[in-house]
Amino acid sequence: MTDWTQMIDAHGMIGRVPLLLDQVGREEAPETWEELWDRLCLHGETVSPASFTALPRLAILAPTCAQALELAGAIVRGTLQHPDGEALLAGCADAIARLRELVDQQLRTRPANYNRIFGDLLALEGQYHWSAALEDFTDDFYTVSCPHCGAEVTIAVSDYGCYSAIRDWDLGDIERRPLRPASAEELRDPGRWMHATAVRDEQQRLAEGIRHVFGRAECPACASVFSIAEAHTSANLPPALETS
């Protein structure tokens, strides 16, 4: 059994979270859910040991409670924000598997907030950096370093174009080069299953955006061609997680 008295929440307190979870398990209590969010995922991003310890309880509530599923997803998104996040999450494998199944089921219904829920799925699959980076591809920009010359390259996947460029303080994006999106057949995981999920759920913009960010870009500085996903991953994940 979890010793809740040792679990510190986002406010540095102990003991309050299990009481709140008991309460929402008994009745609909909007103010209690508000406090749970505040203690388990402060401002939607700050997590604590209590956050991860609460995941099994949230997984039990999640099949019949949208608040529980959303809060659990937000907690997992914040894994890399806590120094012990990965270790704490490792103790919740069964809960994570159940939550992942529930989120995937939710995506199949094609909800209005599909992209946010898709981000939860990415986090539950351990793709924390993509969960944080992917939006709706209407105005998405990524900054990566060219692996050949070290130049800072802006990658745009948006309604304004899909290109690599050098960002100039006064002139904006200059020396633009069209991106080279991967075909569906060329994709490798995690891009392959991300794309397949978006296609399954008829999310065409998302699917096309994924093909672009898992494609290749030309560096405007040295003209070398590199993998966008590999450059982004190496800049945004600790070395131990880069092969996940």
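I started with the second largest pocket, where α9 supplies the biggest share of the lining, 5 residues. Helices here are DSSP runs of H or I with at least four residues, strands are E runs of at least two, and both are numbered from the N terminus. The model is predicted, so I kept in mind that local features need pLDDT of at least 70 and side-chain atom pairs count only at pLDDT 80 or more, while totals for chains, interfaces and linings use all residues. Residues are numbered from 1 along each chain as its sequence is written, and side-chain values use heavy atoms, with hydrogens and water left out.

**Pocket entry**

I looked up the volume next: the second largest pocket holds about 280 Å³ of space. Its lining has 14 residues, and Arg 77, Gln 81, Tyr 128, Ser 131 and Ala 132 are the closest to its centre. Two or more lining residues come from each of α5 (66–77), α9 (128–133) and α12 (228–236). By class, I noted 5 nonpolar, 7 polar and 2 charged residues in that lining. For my own reference, Ala, Val, Leu, Ile, Met, Phe, Trp, Tyr, Cys and Pro count as nonpolar, Asp, Glu, Lys and Arg as charged, and the others, Gly among them, as polar.

A pocket is an open set of points on a 1 Å grid over the protein atoms alone, where a 1.4 Å probe fits, with protein on both sides within 12 Å along at least five of seven lines; lining residues have an atom within 4 Å of a point. Points are joined across faces, edges and corners, and the volume is the space filled by probe spheres set on them.

**Confidence entry**

I checked pLDDT, the predictor's confidence in each residue from 0 to 100. The protein chain has a mean of 92, and 95% of its residues reach 70 or more. Over residues 239–244 the pLDDT is below 50, and this stretch has 7 contacts in the model beyond near neighbours in sequence. A contact means heavy atoms within 4.5 Å.

**Ser 48 entry**

I found Ser 48 in the loop between α2 (30–40) and α3 (49–53). Ser 48 counts as buried because its relative accessibility is 4%; the class means under 20%, with exposed over 50% and partly exposed in between (1.4 Å probe, protein chains only). A polar atom of the Ser 48 side chain lies 3.1 Å from the backbone oxygen of Ile 8. Leaving aside neighbours within four places in sequence, Ser 48 is in contact with Ile 8, Asp 9, Ala 10, Arg 39 and His 82.

**Thr 197 entry**

Then I moved to Thr 197, which lies in helix α10. Thr 197 is buried, at 9% relative accessible area. A polar atom of its side chain lies 2.8 Å from the backbone oxygen of Trp 193. Not counting residues up to four places away in sequence, Thr 197 touches Asp 104, Leu 107, Tyr 114, Phe 118 and Leu 121.

**Backbone entry**

His 43 has a positive phi of about 60° although it is not a glycine. His 43 sits in the loop between α2 and α3 and is exposed, at 71% relative accessibility. Ala 223, also not a glycine, has a positive phi of about 70°. I placed Ala 223 in the loop between β5 (216–218) and β6 (225–227), where it is partly exposed at 49%. The peptide bond from Asp 189 to Pro 190 is cis, with omega near 5°, and Pro 190 falls in the loop between β4 (172–178) and α10 (191–200).

Notes:
A polar contact is a pair of N or O atoms within 3.5 Å; within protein, one must be able to donate a hydrogen and the other to accept it, and residues adjacent in sequence count only if both atoms are side-chain atoms.
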